[in-house]
Amino acid sequence: MRSPLPLLVLVLALAGGAAAAQGGPDAVNKPLLGIAGQADRFESQTGQDSQVRHIFLGWGQGSSWGPPFAQLLAGLKPIPMIHIGTDRGRAPIEAITPAGIAAGRGDAYLVALNQAIAAYGGQVFVRVMAEMNNPRNLYAPTRLNGVSKGPSHSAAAYKQAFRRAYLILHGGDVDAILRRLGQRPVGRELAVNPTTALIVIWNPIAGLDADSPRPAQAFYPGDAYVDMVGNDMFASRTGVASLAANEALYRAHPDKPYALPEWGLSIDDPGFVAKICTFLKTRPRTKLAAYYDARPRSAFDLGSKAATRTEYRRCITPIGAKAPMFQPGLPTSAQLRLTAEPPRGDAPLDVTFEPYANLAKPVLRWVLVFGDGKVQEQSGPPPDSVTHTYTKNGLYNATLTVYLEPPFVLAAIRNVAQTQVKVGKKAVEPLRLAARPSSGRAPFSVSFRATVTVQGTSWDFIPGDGTSRSGQGRPPRFLGHTYTTPGIYRAVLVVHLGQNERLLSYADVRVR
């Protein structure tokens with residue numbers, strides 16, 4: 001059911017901190033709860049504080065027509081959920097076919113959404129052509145009378161389109177994978193939206209394939225291209241929604257987080273709500289349930305369904321999880337880098353550094369720590385080049401830090417690039433930070449080894465998860481820290497040498 005806007009390891013991160021009060025076998029699962037339509041109206045009906053706000057976009061909407069993505073996403077906090085269809089808007093006219101998407105003819109729109117998600121700086125759910133097995137949808141393989149629409153709308157075309165959309169939206173350097181899929185490359189490196197930031201949902205109506213142990217399997221693009229599996233369920237009369245098919249879809253994908261991105265009633269049936277509630281409470285991989293919808297004159301609005309409202313408020317509203325703290329991804333070398341010329345030589349060595357920053361938001365302040373204690377910093381984007389002279393032998397790690405928003409303090413360091421300069425033949429590294437081990441499953445304990453060959457006055461350690469610690473003199477040789485939430489963290493150690501003189505080193509940690 002959709003109308004255009006006037007619209008296990010992976011996201012167990014999303015709900016790991018957000019959802020689970022799952023201490024034992026009898027613990028109640030706590031999914032994120034969402035709504036399509038008017039969130040304040042739904043809150044007055046059910047008491048639900050909707051953490052996920054759901055809209056439906058036609059192809060090109062948010063980019064080439066309608067309000068821009070930035071405006072749309074900003075209005076859907078805490079967590080936006082966007083459905084992308086192939087229509088041109090209210091008119092049921094197809095803007096692009098699944099085969100067209102697979103062929104790359106929709107890349108401009110997908111790339112624009114990739115960039116918008118990166119710029120948004122928070123978590124986003126995206127549903128790509130959901131209910132693909134529903135013949136009412138333009139991208140479905142058949143018409144309502146059962147007649148095939150041909151190869152351009154086949155299940156094979158849908159799977160290729162979904163894979164392409166998944167890769168482009170998550171970004172990075174995707175061309176090699178696209179070539180392996182037999183698809184044309186994008187021809188550029190894209191902004192990286194890790195699975196902590198973007199969750200792409202594959203989402204049929206299981207009830208339309210109710211007799212299958214693996215509903216809609218013909219459309220499944222493969223585990224590598226799906227972050228979350230979802231099912232839409234609607235009760236238009238008592239018992240019409242297939243609870244058995246929903247259970248079959250849940251069991252068919254045991255390694256994937258699960259969702260009910262759209263579910264609702266056009267009748268007053270508290271028994272159906274109670275069954276949905278039981279499913280949400282007892283299926284621990286279910287991380288999201290969004291009601292459709294809350295608008296006056298909608299058949300699914302709860303305004304005229306007193307018994308349903310009461311049951312929803314009693315059973316579902318209390319189990320809603322709060323949106324977790326967002327952990328953004330780290331910039332790629334295509335987004336942020338620092339080069340040095342020449343990278344080696346004898347002292348005194350004049351080096352020209354070339355900072356490069358092409359991030360989702362403008363740089364408001366930059367800091368260049370040269371690795372020998374000297375620092376240069378200024379407001380605004382970094383210049384094309386910065387020169388520095390190294391007067392002593394050493395192995396220096398020069399680091400560029402950029403801030404996209406205040407506060408411009410050490411505890412907010414996130415976007416950092418580094419390059420190494422070797423001065424002299426017997427070069428000693430003043431500061432080095434190493435993580436052992438550097439990847440693991442949450443809760444994940446890391447021992448950071450700090451190698452320091454100079455005497456500092458004080459130090460700061462910023463693990464990258466919002467915490468920090470500091471001390472006087474030289475830092476300890478080993479710094480321990482435990483990460484409780486999955487994500488990619490950049491741990492930074494700063495050693496202060498004197499007034500406005502410091503060294504900086506960092507190490508990356510990946511927590512599943």
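**A buried aspartate and its setting**

A: Setting aside neighbours within four places in sequence, Asp175 touches Pro185, Val186, Gly187 and Arg188. Contact here means heavy atoms within 4.5 Å. This is a predicted model, where local features need pLDDT of at least 70, side-chain atom pairs count only at pLDDT 80 or more, and totals for chains, interfaces and linings use all residues. Numbering starts from 1 along each chain as its sequence is written, and side-chain values use heavy atoms, with hydrogens and water left out.

Asp175 sits in helix 7, residues 175–180. Helices (H or I, at least four residues) and strands (E, at least two) are DSSP runs, numbered from the N terminus. Asp175 is buried, yet it has no salt bridge. Its nearest side chain of opposite charge is Arg179, 4.6 Å away. Buried means under 20% relative accessible area, exposed over 50%, and partly exposed in between (1.4 Å probe, protein chains only). For charge, Lys and Arg count as positive and Asp and Glu as negative, while His and the chain ends are not counted. A salt bridge needs a side-chain nitrogen of Lys or Arg within 4 Å of a carboxyl oxygen of Asp or Glu.

Now the pairs that do form. Side chains of opposite charge can pair when their charged atoms come close. The structure holds 14 salt bridges. One of them joins Lys322 and Asp49, at 2.7 Å from N to O. This pair links distant parts of the chain, 273 residues apart. Lys322 lies in the loop between helix 10 (306–316) and strand 9. Asp49 lies in the loop between helix 2 (39–46) and strand 2 (52–57). Lys322 is exposed, at 51% relative accessible area. Asp49 is partly exposed, at 39%.

Glu377 also forms a salt bridge, with Arg502, and their closest N and O atoms are 3.8 Å apart. Glu377 is in strand 13 (residues 375–379) and Arg502 in strand 24 (residues 501–511), so the pair ties together parts 125 residues apart in sequence. Glu377 is partly exposed at 31%, whereas Arg502 is buried at 13%.

Arg432 and Glu429 meet at 3.9 Å, N to O. Arg432 is partly exposed, with 43% relative accessible area. Glu429 counts as buried at 16%. Elsewhere, salt bridges that share partners join Arg127, Asp232 and Glu262 into one network.

Thr399, in strand 15 (residues 394–403), has a relative accessible area of 0%, so it counts as buried. Leaving aside neighbours within four places in sequence, its contacts include Leu338, Val367, Val416 and Leu504.

Two strands pair if DSSP finds at least two bridges between them. Strand 11 (residues 349–357) and strand 14 are joined by five bridges. Leu349 has Tyr390 of strand 14 as its bridge partner.
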